[in-house]
Amino acid sequence: MIKNAMQKIHKNQNGQTLIIVFMMMVIALTIGISISSKYIKSLSILSKSDNSARALAVAEAAIEHVLLLPIATLEDYAQNGTCGANCYLEITSGEGQVITATVELSKLGNTTDPFLVDLEQTGSSQVNLAGYPDNTNLNVCWNGVDMSVQSIFIHGTQGSYSADSMAYNPTSTTHGDNNFDMAAPLLGYSHCFTFNSQTDPAMLRLKAVYEDGSIVVIPSGGASLPTQGILMESTGTAGSSQKKVSVIITDPILPALFDYTVYQRSTTEPLSN
């Protein structure tokens, strides 16, 4: 009887041991799967990060390669919309991965669409108007909260240029004592002013007052703004990652000091304005 009881206890212990071993195996397997999953995920993140860096690097390298070409060549490429092999870069890494970049060139401006211009308080921006239709309106608009805009519209021909000065506050401003004109809502923008191109428009000089910001120059009457430069967009690809780099080659811009010479009131006294 005692012997039978001991056998029964031994069998129960064996059953409990199997359950414990099974549970430990399940726990170990769960931990192993979790660690493996995290490790694979970390490798995936590292791979994507590495590909992202490579895609950006090859995009920048392609831009640098194209920038070595003469400006006249770039203008031809932008006009034709293609530059063939000169706009394609392929690099094979030490691990055998092929990374590529393609550069697209296009004319900046040369459209009826609004043209975006960044303005600063410390410098002047310039919009080329040579070739814009005579006696056609132009709208200057922005959505900034407290930015006012000073502008100089230059028109005429060599030896007989004229400059019209304009300064506008936004529709709501705390600087009403500056004697600037007041902009008005127009074309979906909070603040706009309009001027006429008159005859032989040449350029529009623009400067921010009180804070930096952006404006758009909007042609009217179906007219197009003249070309403002070249837009270069390089797209780099490495694995599943893509990065884009954009570079703008603007037309020559007169320095900010030019604005002071426009307002000169004397040919013998510097800074007489």
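Me: What should I know before reading the values?

Reply: This is a predicted model, in which local features need pLDDT of at least 70 and side-chain atom pairs count only at pLDDT 80 or more, while totals for chains, interfaces and linings use all residues. Residues are numbered from 1 along each chain as its sequence is written, and side-chain values use heavy atoms, with hydrogens and water left out.

Me: Why is Arg 54 called buried?

Reply: Buried means under 20% relative accessible area, exposed means over 50%, and partly exposed lies in between (1.4 Å probe, protein chains only). Arg 54 has a relative accessibility of 18%, so Arg 54 counts as buried. This residue belongs to helix H1 (residues 2-67); helices (H or I, at least four residues) and strands (E, at least two) are DSSP runs, numbered from the N terminus.

Me: Which residues does Arg 54 touch?

Reply: A contact requires heavy atoms within 4.5 Å. Leaving aside residues up to four places away in sequence, Arg 54 touches Ser 93, Glu 95, Gln 97, Ile 99 and Ala 238.

Me: What makes strands E1 and E2 a pair?

Reply: Two strands pair if DSSP finds at least two bridges between them. Strand E1 (residues 88-92) and strand E2 (residues 98-109) have five bridges, in the antiparallel sense. One example is Tyr 88, whose bridge partner in E2 is Thr 102. The hairpin of E1 and E2 has five residues between the strands, and there Gly 96 takes a positive phi near 90°.

Me: How many bridges link E2 to strand E13, and how many link E13 to E14?

Reply: E2 and E13 (residues 227-238) are joined in the antiparallel sense by 10 bridges, with Leu 105 partnered by Met 232 in E13. E13 and E14 also pair in the antiparallel sense, over 10 bridges. Here Ser 234 stands opposite Val 245 in E14.

Me: Why are E1 and E14 said to stand at the edges?

Reply: The four strands form an open sheet with antiparallel pairing, in the order E1-E2-E13-E14. E1 and E14 (241-250) each have a single partner strand, so one side of each is left without a neighbour in the sheet. From one strand to the next, the twist averages 20°. Helix H2 (residues 71-80) packs on the sheet, touching E2, E13 and E14, and its direction makes about 85° with that of E2. For such angles, axes are lines fitted to C-alpha atoms, for helices over the stretch in contact, and the angles run from 0 to 180 degrees between N-to-C directions.

Me: How do you know that Cys 83 and Cys 87 form a disulfide?

Reply: A disulfide is a pair of cysteine sulfur atoms within 2.5 Å. The S to S distance of Cys 83 and Cys 87 is 1.4 Å. The torsion about their S-S bond is about -120°, so this disulfide is left-handed. Cys 83 is buried at a relative accessible area of 9%, and Cys 87 counts as buried at 4%.

Me: What makes the disulfide of Cys 141 and Cys 192 right-handed?

Reply: The sulfur atoms of Cys 141 and Cys 192 are 2.0 Å apart. The torsion about this S-S bond is about 115°, so the disulfide is right-handed. Cys 141 lies in strand E5 (residues 137-142) and Cys 192 in strand E10 (residues 189-196), so the pair ties together parts that are 51 residues apart in sequence. Both Cys 141 and Cys 192 are buried.
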